[in-house]
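Here is a short report on a two-chain model. Keep the coordinates open while reading.

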Amino acid sequence: MSDSPADLRAAFLARRVDMQAAYPRVFSGFWRARAFTLVLAGGALAVYLAALVILEFSPGIILHGLGRLADIAVLMLPPSPGGWERFLLYLDALGQTLSIALLGTLAAALLGLPLGFLAARNVVANRLLHLATRRGLDSIRSIDTLIWALIWINVVGLGPFAGALAIASTDLAAFAKLMSEAIEAADHRPVEGVAAAGGGHLARIRFGIVPQVLPVLASQVLYFFESNTRSATIIGVVGAGGIGLYLAEAIRVLEWRETSFLILMVLVTVAAIDALSQRLRGARPRGA
Amino acid sequence: MPHTVTVPPDAQLAPLLRFYAAAVASRRRRMLLGMAVLASCVLVAAAGAEVDAGKFWAGIGNFGDYFSRLLLLDTGEPVWTDPAEWFWGLRRWVRLLGETLLIAYAGTLTGTIGAFAGGFLCSRNLVRTAPLRFVVRRLLEFCRTVPDIVFALIFVASFGLGAVPGVLAIAIHTTGALGKLFCEVVENIDIRPVEGIASTGGNWFAQVRFGALPQVLSNFASYALLRFEINVRGATVIGVVGAGGIGQDLIVAIRQFHTSDVSAILLLIILCVMAIDTLSERLRHRLLSLESRQ
């Protein structure tokens, strides 16, 4: 007797009633589980279609847009900075973007560490203070970097400084959250050891907890620097310095070849930073 | 039982102490060197970012000022004295916030579909054709690295103002970001069910559908929810470049110094984002518990 799938299937179908009686658990509940999945998927799809209708998607708009997009893609080739002087200008702006990312990340880390202690349950026993800090940090995190940039521009004026402050504001909250989690997960025995040797509250934090969370902070700073080089490229769109300013300008005046050149510059920079930070993470000495 | 501490004689102790001091000193030196490199980087960066301590001090006063002004109505009264005046545009803002959520939802779902295909196509264990994997990987990388605002700017130029370019920009960025995560999930599956399907004569689609998919679905869903949270934040600002949602009203309010409007809209955004975060966190925990039960 051959065991091809078709034969097996025929054999099963012939004995189906017996099988169902013998193994009721395999056969029951199948449709119930499937119906649940189907209803879930159907609901998600219905909301999706409704969203497309409400947001005024139509085949006409899509086709027309895709046609223009193809035109633009052709116009983008070959990428060119439009002259040596402009290239130097862009390079300068790119340096500014990196500066914004570095300063923003470091400022966020410096301010985020103490806030993380305030938000950690095992350091600050006062429940109210701890809760207020958490909610406050959540509110700061809910506001996008671009909005922070707009607000800081009103405070310190147009320019890269506003951008650095915007990045610092958003990441401050993210750092504090990560730090508070690392602190809550920290081993409490070193803290008890310091306490047993007669250390006060500050000494317990300095010698019991800080050495444990500092490596976490260091590796997070690298991660954030990476992602902030990406964020820093866009805050220029609202006038907060860096290469985004030129990118937005090139798109507004429909200089497509310069646009594609600027995008390429961003891509190369981000790839380089990625590679660099991967090496740094690998080379980080143990316990540092 | 009495404790006795044996102290070795000085002759034995001296080399150990020397060794300890040398070890500490070398660590200190390394630390100092690292600090010096970092400090010089910061100085260069500070010059590049035009940081001006004087301007900052003058500005930090402004900052307090600005935030207290955010809480003042045009009449000069604090906002909480007249909530109706503070939230005068509530109907419009809630509608725009709803549009923002829809943009985030449509963008996330479209992007998830793209990432679903991309995640399987660039996984080393399911796709044997190296060139295909390479192309898909580079494509996802491109989608991920170009910021969504840049896509939005380009799409606004080609599709016109409105929510359509916003959805597309978020969808493309989501495809790149999720595709990478999905790919990692697929590469970590247990390959035996896939081989089982292959051994019964199932083709590639059957292998993926019945061998791989059941293993990755809950992880995919949880990553997609996480991305939805991020995209809600992103959708609040995509209107800044004219791609729909509440960002357009917010940037107008900020630029024209309608301070009480700014605080009202920011408050609505914060509440909305927090609500979505809480909801999606619950869902994700439920998904994870579902997985651990299996």
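The text below covers confidence, overall form, the interface and a few single residues.

## Model and conventions

This is a predicted model: local features need pLDDT of at least 70, side-chain atom pairs count only at pLDDT 80 or more, and totals for chains, interfaces and linings use all residues. Residues are numbered from 1 along each chain as its sequence is written, while chains are lettered from A and ligands numbered from 1 in the order in which they are written.

The model has an ipTM of 0.77 and a pTM of 0.79. For chain B the average pLDDT is 84, and 95% of the residues score at least 70. Here pLDDT is the predictor's confidence in each residue, from 0 to 100.

## Overall form

Both chains are described with the same terms. Helices (H or I, at least four residues) and strands (E, at least two) are DSSP runs, numbered from the N terminus. A residue is buried if 20 or more other C-beta atoms lie within 10 Å of its own, exposed if 12 or fewer, and partly exposed in between; the C-beta atoms are placed from the backbone. The radius of gyration is taken over C-alpha atoms, and the globule rule is 2.2 Å times the number of residues to the power 0.38.

| Property | Chain A | Chain B |
|---|---|---|
| Secondary structure | 13 helices, 0 strands | 11 helices, 0 strands |
| Radius of gyration | 28 Å | 28 Å |
| C-alpha box along principal axes | roughly 80 × 70 × 40 Å | about 85 × 75 × 50 Å |
| Buried residues | 36% of 288 residues | 37% of 294 residues |

Chain A has 13 helices and 0 strands. Its radius of gyration, 28 Å, is well over the 19 Å that the globule rule gives for 288 residues, so chain A is more spread out than a compact globule. For chain B, a compact globule of 294 residues would come near 19 Å, but the chain has 28 Å.

How do contacts run along the sequence? Two residues are in contact if their C-beta atoms, placed from the backbone, lie within 7 Å. Among contacts in chain A with a separation of 6 or more, 71% involve residues 24 or more positions apart. In chain B, 71% of the contacts between residues at least 6 apart join residues at least 24 apart.

Chain A is also split by domain. Its assignment gives domain 1 (5-57) and domain 2 (84-283). Such bounds come from an automatic or database domain assignment. The two domain centres, taken over C-alpha atoms, are separated by 47 Å.

## Interface

How many residues of each chain are in contact with the other chain? The count is 49 residues of chain A and 50 residues of chain B. The chain A side has 34 nonpolar, 10 polar and 5 charged residues. In this scheme Ala, Val, Leu, Ile, Met, Phe, Trp, Tyr, Cys and Pro count as nonpolar, Asp, Glu, Lys and Arg as charged, and the others, Gly among them, as polar.

## Helices and residues in them

Helix α7 of chain A covers residues 127-142. This 16-residue helix reaches 23 Å from its first C-alpha to its last, close to the 22 Å expected at 1.5 Å a residue. The expected span is 1.5 Å times one less than the number of residues. Buried in α7(A) are A:Thr133, A:Leu137, A:Arg141 and A:Ser142. An α-helix has 3.6 residues a turn, so residues three or four places apart point the same way.

A:Ser277 lies in helix α13 of chain A. Why is A:Ser277 classed as partly exposed? Because 18 other C-beta atoms lie within 10 Å of A:Ser277. Leaving out residues up to four places away in sequence, A:Ser277 touches A:Leu222, A:Phe225 and A:Glu226. A:Leu222 is 55 residues away along the chain, yet the two C-alpha atoms are separated by 6.2 Å.

In chain B, helix α11 holds B:Glu281. B:Glu281 is partly exposed, because it has 13 C-beta neighbours inside 10 Å. B:Glu281 and B:Cys122 are 159 residues apart in sequence and 29 Å apart in space, C-alpha to C-alpha.

## Positive phi in two loops

A:Leu254 is not a glycine, yet its phi is positive, about 60 degrees. The residue sits in the loop between α12 (243-252) and α13 (256-283) of chain A. A:Leu254 is exposed, because 11 other C-beta atoms lie within 10 Å.

B:Phe257, also not a glycine, has a positive phi of about 55 degrees. Its loop runs between α10 (247-255) and α11 (259-293) of chain B. B:Phe257 counts as exposed, with 11 C-beta neighbours inside 10 Å.
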